[in-house]
Amino acid sequence: MFELPSGAEIQSIIASLKLSVEFFIPEIYLSLLFMLLIVVDLVAKGKKNNLLSITTLLGLAGTMYFIFRQQSMPAGELFFGMYVLDEFAIFFKYFFVLSGILAVIITMADEQFESEVKSMGEYYALVVAMVIGMIMMASSADMMMIFLSMELVSFSAFILTGYFKRNPRSSEAALKYLVYGGVSSGLMVYGFSLIYGLTAETNLINISSALSQHGYDPVVLILATLLVLAGFGYKIGAVPFHFWAPDVYEGAPTPVTAYLSVASKAAGFALLMRFFYIAVPHGGPVYEDIIGINWVSLLIIISVASMIYGNVVALWQKNVKRLLAYSSIAHAGYLLLGIIVMDAFGTQATLLYLLSYFLMNFGAFYVVILIANKTGSENLEDYRGLGKKMPLAGAALTVFLISLVGLPPTFGFIGKLMIFSALLTKGSLYLWLALIGIMTSVISLYYYMLIPLNMYLRESPSSEQKNMNPGLLPNIIMAALMFLTIYFGLFFQPLADFAKYGSTLFGLKH
Amino acid sequence: MEHLVPIGLNHYLTISAFLLGFGLFAVMTRKNAIVVLMGVELILNAANINFIAFSKYNGGMGGIMFSLFVIVIAAAEAAIALAIVINIFKIFKSVDVSSIDSMKE
């Protein structure tokens, strides 16, 4: 049934692989960094010093150079259509490397690691592994590559979530993450197998052409799409695949929570956009099928449910990490709005929103960590009176929360503005979606502002005087993040251009 | 024996659909974390049967390659899952997923 390739064919396969490797250098470099970190850990013998974290920081910063060099390379498919290099992928490569760097920086600030674990061991290596996986997720052009890269990210994330292995909450979070992750990726692979059955192809671009040339059974395709959405929806933490999110975000070490809520979610969105824009058909007569639903209506349902559920349930949260978990579910809903628009402007808006979410969410978690270092708690009630004791942290957290609500003059406002204007360019079709988005943002104002309310207007129950200064370096980083959140709210043009640059997908037919 | 229907694509797809159903059932109803993970394996193997059956009847190698990778990933997942479950057992003295629920709204 299958014939062995001849010698000449093998030669041409090897030549093609050699050609592709030139376009794969950032990933190879990161894999080497991953191995280097394991060796450094062996040499340092688990001692707690900054050797590992500094190596990771420098290594990740070095990746930027290789990604920059890729900007001048032509967009195209590599490794027999397994992988693509395009502007969209390059945008996300920068995004993930930067989030890896920030994850390392906020891990260095977290004092909980001192008490919970004996050594940092593989922690930084796993952070780098997650960066590799996420970069591959954003660049995959084949269902097999999508599955493999997604599992690389998931497995690293499971271990990072349970990194405090003597802490019951951290272990419980890891178990829940694992079970939900296993089920949803299993469903996703089942969906892939149905698509493979429909088209006999695994490459996204070939799937698209096979579907349009040979036609398909709409019921099977919508079932397969729904199953695939289970996998992607789990990664982005959207309703109804969100059940893991609150427990995992609360139980995981806080830097891991920040990393998961920003980077892993962005990777899910990258996959979602590439898969749905390129592989599954949209528009055209075949698409208006008998059952009357398609993947856009599925995404609309998920998006509306996420915005409403995330914002409403967040109202009665008492733990700040859990509150931010529900807020991240709501933000998945806003980000989906940009994908529903389904044009270059919508993609640009989604990418810009991801950039703003990156700054404000990492900033908020950074302040939460600095506060927890001093008070040992993440409960809303323990934030009372902190505004006077930690003035800079209070101001910074307020700015990040205003940005999360989406009020001017912050970057979060620009992100929401872009998403809603992308919706409104489609005329009155999506007006109601924009209205739901705006109304749920108003609901979110209440629970976000509970935190500054506790910090500034309520008195702390204990009047003991304690040194609450987080230190010089954390103060500088916090102030820088706060400054950037406001700066990009006023001068957003460079980032909007960058997002526009990133909105070009290889193989997309408009 | 000639009155029996020869085995075709539909037979494979039926078995895989049943496996998927059993897997989901195990994940949703069982309390023991190990059995839940067995349910996850059933789901992955349902997809494997699909891939190999489609590959046989479509005549391509893509599905066979995919199923090989799914097997590898399933093994890696089992290793990580067991490590986490053992750690859970050390802390909670139980692997009952309904009793491991310390975080509440």
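Two residues are in contact if their C-beta atoms, placed from the backbone, lie within 7 Å. The model used here is predicted.

**Exercise 1. The contact between chains A and B**

Find how many residues each chain gives to the contact, and describe the side of chain B.

*Solution.* 
Step 1. Count by chain. Chain A gives 32 residues and chain B gives 35.
Step 2. Locate the helices of chain B.
Step 3. Pick out the largest share. H3(B) provides it, with 16 residues.
Step 4. Sort this side of chain B by type. It holds 27 nonpolar residues, seven polar and one charged.

**Exercise 2. Helix H3 of chain A**

Determine which residues of H3(A) are buried and which are exposed on the other side.

*Solution.* 
Step 1. Place the helix. H3 of chain A runs over residues 51-70, 20 residues in total. From first C-alpha to last it reaches 29 Å, close to the expected 28 Å.
Step 2. List the buried residues: A:Leu52, A:Thr56, A:Gly59, A:Leu60 and A:Thr63.
Step 3. Check their direction. They cover an arc of only 100 degrees around the axis, so they lie on the same side of H3(A).
Step 4. Turn to the other side. There A:Leu58, A:Tyr65 and A:Arg69 are exposed.
Step 5. Find the packing partners. The buried residues of H3(A) pack against H2 (25-44), H4 (87-109) and H6 (123-139) of chain A.

**Exercise 3. A:Leu431**

Is A:Leu431 buried, partly exposed or exposed?

*Solution.* 
Step 1. Locate A:Leu431. It lies in helix H19 (residues 431-457) of chain A.
Step 2. Count neighbours. A:Leu431 has 13 other C-beta atoms within 10 Å, so it is partly exposed.

Conventions: Residues numbered from 1 in each chain as written. Chains lettered and ligands numbered in written order. Predicted model: local features only at pLDDT ≥ 70, side-chain atom pairs only at ≥ 80, totals over all residues. Helix = DSSP H or I, 4+ residues; strand = E, 2+ residues; numbered from the N terminus. Expected span 1.5 Å × (residues − 1). Buried ≥ 20, exposed ≤ 12 C-beta atoms within 10 Å, placed from the backbone. Arc of directions from axis to C-beta. Nonpolar A, V, L, I, M, F, W, Y, C, P; charged D, E, K, R; others polar.
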